[in-house]
Amino acid sequence: MTEHPRDTPQFYLTAPSPCPYLPGREERKVFTHLVGERATQLNDVLTHGGFRRSQSIAYRPACEHCRACVSVRIVVDDFAPSRRFRRVMKGNADLVGDMRAAVPTAEQYSLFRAYLDSRHGDGGMADMTVLDYAMMIEDSHVRTRLVEYRRRGPDTAIHGRGQGALYAVALTDVLADGLSMVYSFYEPDEAPRSIGTYVILDHVAKAKAMGLPYVYLGYWVDGSAKMGYKSQFLPQERLTAHGWERIESTE
């Protein structure tokens with residue numbers, strides 16, 4: 001009998017289920033557990049290989065007849081915001097993102113609930129309770145942070161935090177070579193601000209300040225309206241059968 005070290009990852013394959021991105025298709029995922037002393041290192045390696053983290057699970061698509069899900073990462077040092085992105089940054093210049101420990105709060109859950117009810121009322125997360133939310137935030141064995149976005153205050157320049165109501169939250173993993181955006185949500189009544197786009201732009205700025213070369217956005221799915229926005233953050237790299245390939249333009 002072959003014995004494996006306790007911290008050697010074991011991979012499993014899910015049964016087929018309806019694809020959440022492309023109608024009429026089925027998805028399967030390969031996954032492993034991110035636990036133990038080597039969880040952070042394993043998360044880095046698996047993210048480079050196209051995996052995503054959900055709580056203490058790392059997964060990636062393993063569909064038999066489809067390769068539409070493509071891992072995407074923004075090239076931080078070469079990122080050049082478009083005119084639209086510059087308008088978004090200007091329109092949200094009154095907000096500041098405070099990166100802090102991954103600790104759930106009632107205020108966060110209230111915003112999370114409002115976001116789900118407004119934007120994803122029929123999605124797979126629609127029934128998440130406050131306990132489910134707490135697990136999403138706390139169940140991590142890697143270096144995970146929360147970024148809370150509030151309005152700038154008179155003392156923001158001193159302590160780096162905003163004040164007042166919570167506008168957005170991002171659950172983010174800090175990798176050896178970048179920031180991986182696990183999940184984000186924001187105030188649904190502030191649609192004109194394009195806060196979701198701003199949170200990504202702010203992560204690019206944060207990664208640059210931290211000396212990290214990439215911001216990982218998860219999967220871009222060609223043909224999926226809900227995932228199409230990721231292709232706009234250029235230049236970016238997409239994971240192909242030949243490794244990470246740089247994309248300069250979508251034209």
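Me: At what angle do helix α2 and helix α6 pack?
Reply: This is a predicted model, where local features need pLDDT of at least 70, side-chain atom pairs count only at pLDDT 80 or more, and totals for chains, interfaces and linings use all residues. Residues are numbered from 1 along each chain as its sequence is written, and side-chain values use heavy atoms, without hydrogens and water. Helices (H or I, at least four residues) and strands (E, at least two) are DSSP runs, numbered from the N terminus. α2 spans residues 83-91 and α6 residues 195-209; their axes lie 9 Å apart, at an angle of about 95°.

Me: Which residues of α6 meet α2?
Reply: Contact means heavy atoms within 4.5 Å. From α2 come R84, F85, V88 and M89; their partners in α6 are T197, Y198 and L201.

Me: What is the strand order of the open sheet?
Reply: Two strands pair if DSSP finds at least two bridges between them. Four strands pair in the antiparallel sense, in the order β1-β4-β6-β5.

Me: Why is one side of β1 and of β5 left without a neighbour in the sheet?
Reply: β1 covers 12-13 and β5 covers 52-54. Two bridges join β1 to β4, and three join β5 to β6.

Me: Which residue in β6 is the bridge partner of T32?
Reply: β4 and β6 run antiparallel, with five bridges between them. T32 belongs to β4, residues 29-33. Its bridge partner in β6 is A58.

Note on methods
Buried means under 20% relative accessible area, exposed over 50%, partly exposed in between (1.4 Å probe, protein chains only). Axes are lines fitted to C-alpha atoms, for helices over the stretch in contact, and angles run from 0 to 180 degrees between N-to-C directions.
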